Amino acid sequence: MSIRPIQPNKASYAQPVRLQPKPYQPRFGLNMASHMLQPTTWFQLISENFVWAFLAQDVIALWIPRIINALRRGRNPYDPAVDPAMEGRSPLYQLGHSLYKNTKGLNWKNSLEETLREVETGPGLFIAPSIVFGLGSALALGRLAVTMGYHDLQAYKNAFINTVRSSQLLHRNVPAGTLEKGLTYEFMKNMLHHGHFKAGIDKLLPTSFMKTSEVDQSLVQFLQKAYPQKSLSQVTFKDALNAWLGRWVRLTPQKGKLIDSQFVNKTNELEGLMKRLVFWFNESILKNAKHGYLRIPSLGKQAETTTEHFLENIQKFKPFIANTYALAQKNTGKNFGGSWASRMTNALISASEKVFKGVAIRKLFLGVSGTLLTGMTVVLISGIAQRSKAYPANRNVRLDQLNPHQQRHSGVPEFQGNTHQPLTPFLSRQFQQPANLSAAVSLFDTPLLPPWKGGRSS
Amino acid sequence: MKLHSFRSKTTASIPRFQGNLQSSLFENTLFKAADTFFNLKNTAQSKVQKRFLQGKPNVLKKTTGKILNWFSKTLLDHDFRHVAAVPKVGRIIMEPALGAFMIMSFGFMIGGRLVHALHRAIGGDRRELWDILRRDIPTVAIVIFGLPIVTKILGKKLQNWKGIQLIRDNQMLAYSELENMYRMLTPSRLRDILRNPVNHQGVRKALRHTLKNRNLSPGIKSNLIQFQHAIEAAIRGAHNPMDLNKATQKAFSLLRQLESKRIIALNKAKQTGLAVNRSIIEKFTNLFHAKVPDFKDIFVNYAKRSRVWNDAVAFGIIVGLLGFGVTWFNQWITEREYEKLKAQQTQGVSPVNQNPFSHTPTFQGNNSTLETTHSPFLR
């Protein structure tokens, strides 16, 4: 049975980068052992990392015990003491032979069935939706936006439309190819500069504390790289955010690469930096803010969000902006009049509505097909798992073999006809079926005949 | 640069989208369907709210409303939105929404298994069906509904027992959140920890635990005792913001002294290692970190250690109850019933009408072999 990680708080589950890196890296040897013996290390991994969560909760906690039980249920134990062939053999030979026989006597068929069952309900339940949505996000309009929550998507789309309406970018002469990135930048700026960081955007970073913390070295390095002229104590939150936004907007995956680990690493690094920034902002400026929470009023009902959730959503929403821009570009001259800027503004608003509709329809289609496909996969794997003619777990407790007549024969039991033996009711249904049929015939054929020909009168 | 040149360039570079911006009737209808589908949960909840939970409802109505509300929240959630990340690959694992997961598990998974089990039920032996029902329904129910409830209840108990806040918004705090909450990076962090009366007992316990560390030098220990006194003073003045601020400032300066002493000790350890072998430095450093944990993390370590109990119990439930327990129970009950039937037969008692697995107790007999028909529909 599949288990989603026990993480009760979805906020920090499966985050790509932990906010606080490990204080030191364990190495093989005594050190590693002492580190690994700490239960906090294990449980943190289990509850915050999908791969570890799957390994620990599905494989170790469920599969292995169930497979062990499946092997033991219906096994044929072997005792060399009662085997006449073992008389006069050395103890070592007996031990080896009994090991071999006992291993062979385990219920391997049942264990295989159990393994397949666990595969079906473990990876089986998320592989099909992953494939469906993976293909969907690769091919569909809006790309990764199909994996966003519907209400989140709606809120982000509305925020984007507001950005377009208020943007001065369209009225400026922007170099070719940078308008889309400029819009993305403005959209994010509206969210962060005028949203969560609004209260203290011009305040200095608490560098005196940051320097003492080992975990903020990456942020310090990032800022030093971004502002080589400035000393760290002169950097404001605005500077830090601008540097971050510039890098985030420029970051795009390489074309034609199915798995771009470089892109993933860079995204993770940037997300880690943003988490640090939010942490220090909440800590030093918004003193009573919830830790790890962002408040972005332009998102309406979805305004209060965790940093992880926000970072995940903006990564998914970026292709939405790109597609909206592309569609608007294509249709600028077609449907709208007026100056280029107003035409482009209208086209962008209509395009974002159009892309949103498309993504919502695709989301519906992908969700329904994901559920159905998973269902079909699950039923198919069930069929493969349960393909043997009998239930292997009950191979030594077969009810049909309780009949003394059948116990004499090995393999398929044979029936002797109507006997005076007490008949077991749990014998084959096939035995019962013709009997039931004959009973039914005997019941129904008589009333059909008229009474003067021997039928029942009433 | 002129605008027209920029427009023509960008338009030429996008070959993908040929459609116009006007939606067709078909598209609009589909979108309406999608909108209704994704809002189903909210619509149902508002209806339940109106019909059952508004005004002055009686107990029965209120209970029904709560149950319906809960069902609408879980069963009608079909919005796939949770994506899990795989290291180096990115966010690629799509987790089913709760409602979809219920359909998959209760509908397809258990249903499929039952149908396949019926197909191969030899001689009406439907014990596999019972096995499936006993194994899968509790497993799914415990995993989806049982464990969160258990962890929440346990978390509350744990919070009171350990004297440190482990729950926020009715949910257990994750380990990384505990790290953020309890790491004393700034005086305001320390003040926030001490302002919360839930934490007072835990803070004292954590400090006592740290003082028991045998690896601390007497100098560091005396500083730690001073820090303990400062924390005590802060706790005493927790109700007064001015007192609390003063005390936490003092405690934080003591903490900084402790940290600097620790770093000096660490450097000494490094130098010792350097004298022996370069590769030993890392070992010394790591060993030092393990033996003398960061003083900023005194409360983090305590909170994390406290939370482990919760996870250990949940993990134990999965291994014990769902991993071993359920399957073992199935085996035990099957074998017990079998032994009973066997005993009845050896005693010459006809087990007719006593078999719990059979649906038609009468048996007339026929010469057909057993394993020829597997269809349940023929029966």
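Me: How many helices and strands does the secondary structure of chain B come to?

Reply: Helices (H or I, at least four residues) and strands (E, at least two) are DSSP runs, numbered from the N terminus. In chain B the secondary structure comes to 12 helices and 4 strands, and chain A has 16 helices and 2 strands. This is a predicted model, in which local features need pLDDT of at least 70 and side-chain atom pairs count only at pLDDT 80 or more, while totals for chains, interfaces and linings use all residues. Residues are numbered from 1 along each chain as its sequence is written, chains are lettered from A and ligands numbered from 1 in the order in which they are written, and side-chain values use heavy atoms, with hydrogens and water left out.

Me: What percentage of the residues of chain A count as buried?

Reply: Buried means under 20% relative accessible area, exposed means over 50%, and partly exposed lies in between (1.4 Å probe, protein chains only). Of the 458 residues of chain A, 54% count as buried. For chain B, with 379 residues, the value is 47%.

Me: How should I read contacts between residues 24 or more positions apart in chain A?

Reply: Contact means heavy atoms within 4.5 Å. Take the contacts in chain A with a separation of 6 or more: residues 24 or more positions apart account for 70% of them. In chain B the corresponding share is 61%.

Me: Which residues are in contact with Ile314(A), leaving aside its neighbours within four places in sequence?

Reply: They are Tyr156(A), Met188(A), Trp244(A) and Trp248(A). Ile314(A) lies in helix H13 (residues 307-335) of chain A. Its relative accessibility is 2%, so Ile314(A) counts as buried. Tyr156(A) is 158 residues away from Ile314(A) along the chain, yet their C-alpha atoms are separated by 8.6 Å.

Me: Is Leu154(B) buried or partly exposed?

Reply: Leu154(B) is partly exposed, because its relative accessible area is 25%. This residue is found in helix H5 (residues 127-162) of chain B. Apart from neighbours within four places in sequence, Leu154(B) is in contact with Trp309(B), Asn310(B) and Val313(B). The C-alpha atoms of Leu154(B) and Ala314(B) are separated by 9.6 Å, and these two residues are 160 residues apart along the chain.

Me: How many residues does the largest nonpolar core have?

Reply: A nonpolar core is a set of buried Ala, Val, Leu, Ile, Met, Phe, Trp, Tyr and Cys residues joined through side-chain atoms within 4.5 Å. The largest one here has 144 residues, and those with the most contacts inside it are Phe197(A), Trp244(A), Phe227(B), Ile231(B) and Phe299(B). Helix H14 (residues 340-385) of chain A gives the most to this core, with 15 residues. A second, separate core of 24 residues includes Ile46(A), Ile93(B), Val308(B) and Ile318(B).

Me: At what angle do helix H3 of chain A and helix H12 of chain B pack?

Reply: Axes are lines fitted to C-alpha atoms, for helices over the stretch in contact, and angles run from 0 to 180 degrees between N-to-C directions. Helix H3 (residues 50-72) of chain A and helix H12 (residues 298-346) of chain B pack at about 20°, with their axes 9 Å apart. Angles under 35 degrees count as roughly parallel, over 145 as roughly antiparallel, 65 to 115 as roughly perpendicular and the rest as oblique. H3(A) and H12(B) are therefore roughly parallel to each other. Among the residues that meet are Ala56(A) and Leu62(A) in H3(A), and Phe315(B) and Leu322(B) in H12(B).

Me: How does H3(A) pack with H5(A)?

Reply: H3(A) and helix H5 (residues 108-121) of chain A pack at an angle of about 155°, with their axes 7 Å apart. That makes H3(A) roughly antiparallel to H5(A). In this contact, residues including Trp63(A) and Leu71(A) in H3(A) meet residues including Trp108(A) and Val119(A) in H5(A).

Me: What is noted about the phi of Asp169(B)?

Reply: Most residues other than glycine have a negative phi. Asp169(B) has a positive phi of about 50° although it is not a glycine. Asn170(B), also not a glycine, has a positive phi of about 65°. Asp169(B) is in the loop between strand E3 (167-168) and strand E4 (171-172) of chain B, and Asn170(B) lies in the loop between E3 and E4 as well. Asp169(B) is partly exposed, with a relative accessible area of 48%, and Asn170(B) is partly exposed at 42%.
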